[in-house]
Every structure is written in structure tokens, then in C-alpha cells.
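Colleague: Can you walk me through this one? I have the sequence and the picture open.

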Amino acid sequence: MISIADFLKTIDCKYELLACIDLSELTHQPDLAYKFFRDNWRQKYLLNQRLVIYTSQDISTELLTHLYQAANLSDVSNFFVLIVAALNSDTNHQICTTASADKVPFELVTADLLPTKSLENNFVLPSTICPLPWMHLEIDPAENVRPCCVYKGTVGNTNDSTLNALFNSTTMQSLRQELAAGQKPSGCSTCWTSEQQGFVSNRLRHLSFLKSELIDSFTNPVITSLDIKPGSVCNFKCRICNSASSSAHAEEQHRYRMIPLKIYNWDQKSTALDQVSSILDSLTNIDMYGGEPFLVKSLTQLIRDAIDKKYADKIRLHYNSNGSIWPGHLIPLWPHFKHVDIHFSIDSIGEKFELERGGSWSTVELNIRRLIDLKLPNLSISIMPSVNIMNVYYLNDVYSWASQLGLPVRLNYVREPAALSIENLTEKSKELIISLYQDSQQPDLRNIAQMVQNSVASNGNDFQKLIKEYDHMRLEDFTVTHSEIASAMGYNHNT
């Protein structure tokens, strides 16, 4: 038998060994393999250079797959990874390379090694993991703080505690511990339910593009991302919205239902905004929602602060806008930032858009076209329909329109109000949607057909009641603009 030190001497003439590590050292916790590859990443390797991982223990397929995933996520080519294993190793690299975009397997060398340390089984991120509690907070218009926008409950309010204190609170620490242990915290029930019903949950959507950031913050959580909703000031009163998120909605509900008028506006007084400004040094992402974010003056001041403090070039700004406001006051500021991303909430087009959201379609379309024409190098624009019963039959129109503009479409799903969720289609509506989308060229639309197929039909009563209320308040007629889905949902404007 040979020690690993002596074995490495035998291959030293063939390879330049950049790093060597006992595989056991990468099995204590999920982020260690990623950090090993990150620490040894190079822009360019020489052909004879290798990163060596050695063990005399049996390597499970699960562990080897984990190594391939870590190398892939860290952008280290498999070609430069050398696995030194025991003589009797039967590790199947061809199976495990399915976890990697790089289909060249690691180089495997076997040797009669002296015993190395035992491998632990703590290297896998559980299937329940969500990256957001390790790096992100949401602040709603009332300045309540949550781990994310769909979490049930709050961890506090910025008027009572700092963002850093809330992020490190007992509630947040317990949430991270439960997720890391493979549990399903009750506060995350919205995502568990969505996934059970075949929807792409908020958790899965973020995991798909934040896994790398999760690995970086797994052992040292830091607020790098915020979702801020700096008030409810909005010029639209979308039928899928509510008075807490839209001042126009709140005013309408006050007039017709005599609900006390409450409008949130961080422009007037906001502890939250001061606290966001105080942690700009750690932020790499700021999501700005509303209300309508292009109407919120305090957001302009916030991004001016980021520019003045020299943090803008590392921050991505994300806006969710209804498209009705031309952001002329913001456009000169955007080039200072690493990236600016705008999702326009376009659920339908033309007269359907105007009934569903209560604004001018021609104004919205003109504003989007004008932004596209600017050709700002760090600006990306997407169309984000909120899929609900009203618009689900008409999504092909949105895809066609977006395609003409060269814009991607990213779907969001309405869960509240439940009366508008596509989980609550009638049997006739289900048949309509399945027939329309089951063979669609758009994968997301085929997915809708599958989700609808798996849902339980409703009687449509809640939908009919809600639509009738809006039609009555606004002197509109849903059956004129949305005749197909109105009929399938059993809605009659005149009864």
C-alpha cells in the first residue's frame, strides 16, 4: 500500500498539481466542494495542470454527482480534475456526468492507497432548500419584513428593528435550519402547495438562478438582495390586485364599500428606506415593486444614493412596472448600474388589457417601444403576464405581440384572490384551456395545460361574483371583451 504523498510523487512528472485534497474534507457540508473549485478556479489552465481529489473510501454515485455539479457550477472544466481512488473503485463517471454540462468525465487514477479519512454524508443540499433565506428580505408597503414575498407571516417591522437584526433573528435562523435539514417550514406553504400542484414555485424559480449565490452564503448569510415595495401609490386598479398594493384600488374600495382609506407612501416617511440606504454596501440586487415603482420618488433618491456612494456598478436593479409611466427621470441614472431589468406586467393586449388593468393600452405599448428603441446596453426588458382565469385563454396573443417586439415572456401565476386562480376553472373552462395549449409550441403553455388537467374543477361561483362586482363598480362588461372565457366560466353580465 502507498501513502497519498508517495503516490503523488509518482505522477508529479506528468502533472502540475495545483491543489490536492482528501475527499472527506468536502463531505462535511454542502458548500465545501463548490468552495474548493472556486478557490482553485483559473481563467485558463495549462494542459498538464490538475486539481486532485483523493480517497481510499468507496465513492458513491451521489457523491460523485455532487462533485460534477460543483465543478460545473464553478466553471471548472472536468478535464482538469483528477480523482485518485482505491484499486477496487467502480465509480461510474459516465452516469455522473449527466449532472454536468461538460460531458468529459473526470480523470480517474486508481492506486493501492493507505486508508484515508471516512467520508461523511452531509454534502447534499436537500430537495427542500431555498436560497432566499440566506441572502434576501422582502419589505412590504407597511414596512413589514419577510424572507420573501410569498412567506406566510413576518419576521418584524423596520420601525421596531434594523434589517440586519431581523435577518439574523431567531425566526430567520430557525427557517434556515429547517430548510437545511430537509424540512418544510409552515411559513413556506405557498411554495410547497404550488409544487405539489405542478406549478413552478417562487422557491424553484429562484433556486434555478441563485444556487451559486446560495453556496457563497450558506455558512455566512448576508443580505445581498432586497424586494422592496415602497408604498401602494399606483395609477392602475388591476382586477387581480388589492387596496394594499394600489392606491387607485384603495380609493375605489373606499368609495363603493366604505372601506377606510389607507395609502402607503415611503416618500412621506420611511424608516425602511433609510435602512435600505444604510446597507447598500452589501447589496447586489434590489427588486422594486409597488404600487407603480416609476411613480415613487423615494426610489429615485435611493438609486442616486447608490451612485453617490459608489455602489451602483455592483448592483442589479429590477423593476416590475405596469408600463404606463415614462421613466424619463430614471433613464440617465441607469447606466451607472451593473444591470437594469424591467418586467412589464402585460396580462393581455388591447381592450382586454384595459379591462383587466384599467389603463391605456396605447400608452403602455408606446412606452415599451420607446424603451426598446433606446438600446441601452445594460437594460433588459421582459413581459410578465400574471396568469389568471381572465387572461389564461388569451396568452397566445401576448406571446405573439412580445415576439414582434423581440421580448421574452416570463409567466407569473395568480394565487390570490383565489377566485381568479387557474386552479379554480370550471370543467368547461378546463376543457377549453387543455384543448388550446396541450400541443402548443410554447413549453410554458403546455405546462399550463398539464396543470389545469391536474386541477379539480370548480363551480365558478366565486369568479362570477368577483367579476360582477367589478363590472358593476366600473360600468364595464367582461363578456364583451372576454366572451370565450366568460361563457366557459358561466358568467352572465345581465343576471
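Modeller: We can go through the whole chain, then the sheets, then some helix pairs.

Colleague: Fine. What kind of model is it?

Modeller: This is a predicted model.

Colleague: How many helices and strands does the chain have?

Modeller: There are 19 helices and 14 strands in the chain. The C-alpha trace spans about 90 × 55 × 45 Å along its principal axes.

Colleague: And how much of the chain is buried?

Modeller: Of the 495 residues, 53% are buried. As for contacts with a separation of 6 or more, 76% are between residues 24 or more positions apart.

Colleague: On to the sheets. In what order do the strands of the sheet with 4 strands come?

Modeller: The order is E1-E2-E3-E4, in an open sheet with parallel pairing. Strand E1 (16-22) and strand E4 (107-111) are at the edges; each has a single partner strand, so one side of each has no neighbour in the sheet. From one strand to the next, the twist averages 25°.

Colleague: Which helix packs on that sheet?

Modeller: Helix H2, residues 32-39, packs there and touches E1, strand E2 (49-54) and E3. The direction of H2 makes about 160° with that of E2.

Colleague: How many residues of E2 are buried?

Modeller: E2 is mostly covered, with 6 of its 6 residues buried. On one side these are Gln49, Leu51 and Ile53, and on the other Arg50, Val52 and Tyr54, so both faces of E2 are covered.

Colleague: How many bridges join E1 to E2?

Modeller: E1 and E2 run parallel and are joined by 6 bridges.

Colleague: Carry on to E12. How many bridges join E11 to E12?

Modeller: There are 5 bridges between E11 and E12, and the two strands run parallel. Phenylalanine 344 is opposite isoleucine 383 in E12.

Colleague: How many residues of E12 are buried?

Modeller: In E12, 4 of its 5 residues are buried, and the strand is mostly covered.

Colleague: Changing topic: how do you describe two packed helices?

Modeller: The description uses the angle between their axes and the distance between the axes.

Colleague: Take H10 and H11, then. At roughly what angle do their axes cross?

Modeller: The axes of helix H10 (residues 271-278) and helix H11 (residues 297-308) cross at roughly 20° and come within 10 Å. Angles under 35 degrees count as roughly parallel, so H10 is roughly parallel to H11. The crossing of H10 past H11 is right-handed.

Colleague: Which residues make that contact?

Modeller: H10 contributes Leu273, Val276 and Ser277, while H11 contributes Ser298, Leu302 and Asp305. By class, 3 are nonpolar, 2 polar and 1 charged.

Colleague: What about H15 and H16, how do their axes cross?

Modeller: Helix H15 (residues 427-437) and helix H16 (residues 443-454) have axes that come within 8 Å and cross at roughly 150°. Angles over 145 count as roughly antiparallel, so H15 is roughly antiparallel to H16. This crossing of H15 and H16 is left-handed.

Colleague: And which residues of H15 and H16 meet?

Modeller: From H15, Lys430, Ile433, Ile434 and Tyr437 meet Leu445, Arg446, Ile448, Ala449, Val452 and Gln453 in H16. The residues of this contact divide into 7 nonpolar, 1 polar and 2 charged.

Terms used: Residues are numbered from 1 along each chain as its sequence is written. This is a predicted model: local features need pLDDT of at least 70, side-chain atom pairs count only at pLDDT 80 or more; totals for chains, interfaces and linings use all residues. Side-chain values use heavy atoms; hydrogens and water are left out. Two strands pair if DSSP finds at least two bridges between them. Axes are lines fitted to C-alpha atoms, for helices over the stretch in contact, and angles run from 0 to 180 degrees between N-to-C directions. Contact means heavy atoms within 4.5 Å. Angles under 35 degrees count as roughly parallel, over 145 as roughly antiparallel, 65 to 115 as roughly perpendicular and the rest as oblique. A crossing is left-handed if the near helix is turned anticlockwise from the far one by less than a right angle, and right-handed if clockwise. Ala, Val, Leu, Ile, Met, Phe, Trp, Tyr, Cys and Pro count as nonpolar, Asp, Glu, Lys and Arg as charged, and the others, Gly among them, as polar. Buried means under 20% relative accessible area, exposed over 50%, partly exposed in between (1.4 Å probe, protein chains only).
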